[in-house]
Amino acid sequence: MSAVSDEPRLLDAGEAALVVEFGTTVDPAISDRVLALDDALGADPPVGLRERVPTYRSLMLHYDPLVLDRDTLAARVRTLAAGAAARAATPTLWTLPCCYDAPHGEDIAQVAERTGLSAEAVVSTHAGATYRVYMYGFAPGFAYLGGLPKTLAVPRRASPRPPHPANAVVIGGGLAAVATVPMPTGWYVIGATPARLYAPERDPSFFVGAGDLIRFEAVDAAAFEALTAREAAGEPVARRGEAR
């Protein structure tokens with residue numbers, strides 16, 4: 001199968017789920033096709049479709065086989081996929097404050113050593129990029145981000161490091177992420193954001209959507225504490241704009 005497939009491949013995942021696969025790599029063009037189909041099915045869902053789960057290169061569709069049969073769903077998918085090569089909506093651009101100072105950027109020295117960059121260059125390179133939200137996965141609100149500059153593309157750790165705090169900004173394996181809950185990780189922690197991408201009491205729980213763009217704005221430790229207090233008081237500190 002080529003990196004980008006004109007005709008999506010349909011794979012059964014048990015008796016009540018269908019995977020629609022558009023390619024084999026992490027690529028914005030593939031992601032656009034995944035999200036365009038997700039949008040189309042969301043706008044006019046067939047009766048019996050229970051859930052849509054977009055990933056880097058595929059869309060998993062959970063359905064009730066007693067209401068919606070597999071062949072009917074597959075035919076609908078093929079029709080919609082043929083006419084939806086790109087999303088109609090303009091992605092939202094989110095600016096998230098990020099503190100790279102100690103103790104938040106606790107692995108910056110290791111990243112600097114592995115890349116040959118100075119600590120300052122690690123920060124400026126990371127903060128100077130624009131990232132695409134490809135998907136959520138692994139943990140609640142864990143946003144996988146493409147667009148990490150190649151100079152920061154360190155491999156993940158051979159073994160996990162101790163748990164990081166909530167809302168850690170991490171890199172590893174050529175990707176970036178915002179890790180919303182504390183947990184051990186094989187990624188490198190280079191900062192933290194006071195913005196809560198995931199809040200179970202909020203509607204919606206995840207305010208950033210797949211296909212959106214993120215930029216990180218460096219703030220110092222004092223600003224981080226002030227922004228954290230504002231976020232805790234119910235004032236969102238992420239800034240929303242429209243991607244150009």
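The following exercises, with worked solutions, concern a predicted model.

**Exercise 1.** Determine which strands pair with β13, and in which sense, parallel or antiparallel.

*Solution.* Begin with strand β5, residues 92-99. Seven bridges connect β5 to β13, which spans residues 213-219, and these two strands run parallel. Within β13, the residue opposite L93 is L213. Next, consider strand β6, residues 130-136. Three bridges link β6 with β13, and this pairing is antiparallel. Here T130 has R215 of β13 as its bridge partner.

**Exercise 2.** Describe how helices α3 and α4 are oriented to each other, and state which residues make their contact.

*Solution.* First, locate the helices: α3 covers residues 108-115 and α4 covers residues 119-127. Their axes lie 8 Å apart, and the packing angle is about 95°. Angles of 65 to 115 degrees count as roughly perpendicular, and α3 and α4 are therefore roughly perpendicular to each other. The contact involves I108, V111, A112 and T115 from α3, together with A119, V122 and V123 from α4.

**Exercise 3.** Identify the residues that touch the most other members of the largest nonpolar core, and examine the contacts of L145.

*Solution.* The largest nonpolar core has 36 residues, and those touching the most other members are L96, Y100, L145, I171, I214 and F216. Strand β5 supplies the largest share of this core, with four residues. Now take L145. Beyond its neighbours within four places in sequence, the contacts of L145 include Y131, V133, L175, V178, I214 and F216. Finally, another core, of 17 residues, lies apart from the largest one; among its members are V34, L37, L59 and Y63.

Methods. Residues are numbered from 1 along each chain as its sequence is written. This is a predicted model: local features need pLDDT of at least 70, side-chain atom pairs count only at pLDDT 80 or more; totals for chains, interfaces and linings use all residues. Side-chain values use heavy atoms; hydrogens and water are left out. Two strands pair if DSSP finds at least two bridges between them. Axes are lines fitted to C-alpha atoms, for helices over the stretch in contact, and angles run from 0 to 180 degrees between N-to-C directions. Angles under 35 degrees count as roughly parallel, over 145 as roughly antiparallel, 65 to 115 as roughly perpendicular and the rest as oblique. Contact means heavy atoms within 4.5 Å. A nonpolar core is a set of buried Ala, Val, Leu, Ile, Met, Phe, Trp, Tyr and Cys residues joined through side-chain atoms within 4.5 Å. Buried means under 20% relative accessible area, exposed over 50%, partly exposed in between (1.4 Å probe, protein chains only).
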